[in-house]
Amino acid sequence: MSAAVGKTPVSVLQELLSRRGTTPKYELVQIEGAIHEPTFRYRVTVADVVAMGTGRSKKEAKHAAAKAVLDKMIVGSQEDGSGGVGANNAVSEVKAEIISPYDDKIPGNPIGTLQEMCMSRRWPPPSYEMVNEEGLPHERLFTIACVVFKHRETGTGKSKKLAKRQAAHRMWEKLQDSPIVSSSVGPGLDDEDETTSLNDANFNFVQFLQEIASEQQFEVTYVDIEEKSITGKSQCLVQLSTLPVAVCYGSGNSSKEAQASAAQNALEYLKIMTKK
């Protein structure tokens, strides 16, 4: 059972049940919450044992459900003695060696929280880059850097996800007390750097919206309208596969400008929806 060290609840449960010739059944039963921070609920069934788990991502919710069903299996085997003492010890030993993928003592979803902060302040989204990877194959240690304008914070963890969460959390702590500057100039920028402003005509709203969509895992679809507007401008709709689905309108002197206008309006919509 020592091979279970560092494995996730899902992989441990899968491994444990494969030895019994069965597999767990996972079902996505609910999605709720705000667009920028949805909560997923999964149900896992193992024979007659059923457990639920929630998380900020489908992966996190499945891990929580797997961990919950392992808890029930341990309690059940201890109460009725099913499987014998050896089975009890085996399940308990496996459970004790599980390392939760989010056991970093950082509350909530720091990556989404930082994304929301940048969006509400009309800053470009944070970027992440791999800085270092070291250690033995079964004891890897990852270091990831989070960059927002000229600010840079790093995080370290046993997985890329944990390192990214830590870097985002440190950046959020650093920026939350920073004064909210005008939306035309970002933090740490001089007046001559205003070309990076979200209000600047050269700002790429389409790219910015796509970066947020990739981070928050929703799709962006543009639909060009063939008819011109009353004033003779090109028209465009952009659909966001968020919960609920959102559709925003844009217009401009060209199809490209219309898409940029729609993307800008979509960003304004997301900003309103993420206000608390």
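Helices α6 (205-216) and α7 (255-273) are oblique to each other. The term has cut-offs: angles under 35 degrees count as roughly parallel, over 145 as roughly antiparallel, 65 to 115 as roughly perpendicular and the rest as oblique. Their axes come within 8 Å and cross at roughly 45°. Axes here are lines fitted to C-alpha atoms, for helices over the stretch in contact, and angles run from 0 to 180 degrees between N-to-C directions. Helices (H or I, at least four residues) and strands (E, at least two) are DSSP runs, numbered from the N terminus.

This is a predicted model, in which local features need pLDDT of at least 70, side-chain atom pairs count only at pLDDT 80 or more, and totals for chains, interfaces and linings use all residues. Residues are numbered from 1 along each chain as its sequence is written, and side-chain values use heavy atoms, with hydrogens and water left out.

Stay with the two helices. α6 passes α7 in a left-handed crossing. Left-handed means that the near helix is turned anticlockwise from the far one by less than a right angle; clockwise would be right-handed. Phe205, Val206, Phe208, Leu209 and Ile212 of α6 make contact (heavy atoms within 4.5 Å) with residues of α7. Among those α7 residues are Ala260, Ala263, Leu267 and Leu270.

Next, look at the core. A nonpolar core is a set of buried Ala, Val, Leu, Ile, Met, Phe, Trp, Tyr and Cys residues joined through side-chain atoms within 4.5 Å. Buried means under 20% relative accessible area, exposed over 50%, partly exposed in between (1.4 Å probe, protein chains only). In soluble globular proteins, nonpolar side chains tend to be buried together. The largest nonpolar core has 20 residues, and Leu209, Ile212, Phe218, Val220, Val238, Leu240 and Leu270 touch the most other members. α6, β8, β9 and α7 each supply at least two residues of this core. α7 gives the most, with six residues. Apart from this core lies another, of 15 residues, including Tyr42 and Val44.

Now turn to the strands β8 and β9. Strand β8 (residues 234-240) pairs with β9 in the antiparallel sense over seven bridges. Two strands pair if DSSP finds at least two bridges between them. A hairpin of five residues joins β8 to β9. Gln239 stands opposite Val247 in β9. Strand β9 (residues 246-252) has two faces: Ala246, Cys248, Gly250 and Gly252 lie on the covered one, while Val247, Tyr249 and Ser251 lie on the uncovered one.

Another sheet is open, with three strands in the order β4-β5-β6 and antiparallel pairing. β4 and β6 (151-157) stand at the edges with a single partner strand each, so one side of each has no neighbour in the sheet. Neighbouring strands are turned by 20° against each other on average, direction ignored. Seven bridges join β4 to β5.

Finally, find helix α4 (residues 110-120). Nine of its 11 residues are buried, so α4 is largely enclosed by the rest of the structure. Ile111, Leu114 and Met117 are among the buried ones. Their cover includes β4 (127-134), β5 (141-148), α5 (160-176), α6 and α7.
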